[in-house]
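Please look over the model shown below before reading on.

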Amino acid sequence: MSNLSIGIVGLPNVGKSTLFNALTNNNILAANYPFATIEPNTGIEPVPDERLKKLAEIYNSNKIIPATVTFVDIAGLVSGASKGKGLGNKFLANIRQCDAIVHIVRAFHDDNVMHVSEKINPLEDIDIINTELILADIQTIENRLIKDSRDARSQPNLKTIADYLVEILGKLKTGIPLYKISDLNNEYISDLHLLTAKPVIYVFNVDEDILINNDKQAELSKLVEPARTMLGSHAVSPSSETSSASTINFSSVDVSTGTSPSEKINFKLPTNVSTNGRTRHETSIFVCAKLEDELKELSLSDSAELIGSYGVKATGLVQFIHAAYDILDLQSYLTAGPKEVRAWTIHKGSTAPQAAGVIHTDFEKGFIAAQIIDYHDLIDVGSEIATKSAGKMRTEGRNYIMRPDDIVEFRFNVSK
């Protein structure tokens, strides 16, 4: 994986564009009305990695090249987006190539920022977006089945794939997102770029006081444990693979964003949803878009001081990246020399040849060996020569599983 890409979705006026601006240091329009964003906005940000600067000092490198993440912000979705309402299908097409989806959920109170439903209800908002993604996938699969039925006579192998698509179509129609299917056959669906097959990071855009309120955060997290959706007017629980519940019962949980009664938001919380564990295909984080927007105008030291005053340890960008790496099972390895130091993104469990292939396919095809130094060993002794003298440099073969702090020099033969 050479570049991590994340698609940002949510209803209008939930803070998507404000967060996009903060994450990418951009200045796109963030207006108080629906569909202020029409065309997708794309921003490429370096993945913060303090190791690179230290390596550049040791190797006296000319250039530092961090790993990157691409954020794609599309216009706010509304109920009916999958059928084209609000240009929904056009918007959704722009994130089909992304590796993961970030779902921005409004959990802040501001009378000056309108809500498309004229009320703040995170659960309802989550259901709308999840439903539209599912309906979009249903439409994609049904269109493919029509095409495959025409082509099946000349391509008999299509019947196996078509039968599988019919199977997962049935699950989608009961409200189950594809990432909930434990044995999902990605080989059969990879070219469809189905939205609900992608891991989801729920980002609750909260008021500043909720950033340090663990109880309120726990209440919000439960809204997506496990993920649910609404098809029509009926709440649908996940399959027995993830939940034994067949219905969703609700109780009102009052989450106050202030001391005044007018500043209280009523969140609807499922009472029968287990809070024990979350699949690796969904996770949630908490940011305050208003605060993140302030941070982008500050120096690194002032930014750290400001977020520290709220008891927050990392900026939204760092939280996004950590969540994405975790949910996608990613890690990075390093290359270093006088020309450049660089971080490369790979999947956890990648072998040395697979990691080499991220640099160039010839490296993987002609792989001979990998010369590896652990980053911490190098920092401890101060130079590559000293590391080798201390016996800390090693040579690994084709079956070596890469580790996050590996500094690597690949040996390969392009004629192989």
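Which residues line the second largest cavity? The lining consists of Leu211, Phe286, Val287, Cys288, Leu291, Glu292, Leu295, Ile307, Val312, Ala314 and Gln319, where a cavity is, on a 1 Å grid over the protein atoms alone, a set of points at which a 1.4 Å probe fits but cannot get out, and lining residues have an atom within 4 Å of a point. This is a predicted model, in which local features need pLDDT of at least 70 and side-chain atom pairs count only at pLDDT 80 or more, while totals for chains, interfaces and linings use all residues. Residues are numbered from 1 along each chain as its sequence is written, and side-chain values use heavy atoms, with hydrogens and water left out.

The elements that give two or more residues to the lining of the second largest cavity are strand E11 (282–287) and helix H8 (289–295), helices being DSSP runs of H or I with at least four residues and strands runs of E with at least two, numbered from the N terminus. H8 gives the most to this lining, with 3 residues. The lining residues of the second largest cavity divide into 9 nonpolar, 1 polar and 1 charged; here Ala, Val, Leu, Ile, Met, Phe, Trp, Tyr, Cys and Pro count as nonpolar, Asp, Glu, Lys and Arg as charged, and the others, Gly among them, as polar. The volume of this second largest cavity is about 40 Å³, a volume being the space filled by probe spheres set on the grid points, which are joined across faces, edges and corners.

The largest cavity is lined by 10 residues, of which Asn130, Leu133, Pro177, Tyr179 and Thr196 lie nearest its centre. Helix H4 (122–151) and strand E6 (200–206) each supply at least two residues of that lining, and H4 gives the most, with 3 residues. The lining of the largest cavity comprises 8 nonpolar, 2 polar and no charged residues.

Of the 416 residues of the protein, 51% count as buried, that is, with under 20% relative accessible area for a 1.4 Å probe and protein chains only, whereas exposed means over 50% and partly exposed lies in between. The largest nonpolar core has 56 residues, and those with the most contacts inside it are Phe71, Ile95, Val203 and Phe320; such a core is a set of buried Ala, Val, Leu, Ile, Met, Phe, Trp, Tyr and Cys residues joined through side-chain atoms within 4.5 Å. Helix H10 (residues 316–327) gives the most to this core, with 7 residues. Apart from it lies another core, of 20 residues, among them Tyr179, Val224, Leu291 and Ile307.

Val102 has its place in strand E5 (residues 100–107) and is buried, with a relative accessible area of 0%. Leaving aside residues up to four places away in sequence, Val102 touches Ile6, Gly7, Ile8, Val9, Ile201, Val203 and Phe320, contact meaning heavy atoms within 4.5 Å. The C-alpha atoms of Val102 and Ile8 are separated by 4.8 Å, although the two residues are 94 residues apart along the chain.

In helix H2 (residues 50–59), Arg51, Leu52, Leu55, Ala56 and Tyr59 are buried. Seen down the axis of H2, these buried residues fall within an arc of 135°, so they line one face of the helix, the arc being that of the directions from the helix axis to the C-beta atoms. The face of H2 turned away from its buried side carries the exposed residues Glu50, Lys53 and Glu57.

Notes: 1 Å grid on protein atoms, 1.4 Å probe; cavity = no way out; pocket = protein on both sides within 12 Å on 5 of 7 lines; lining within 4 Å.
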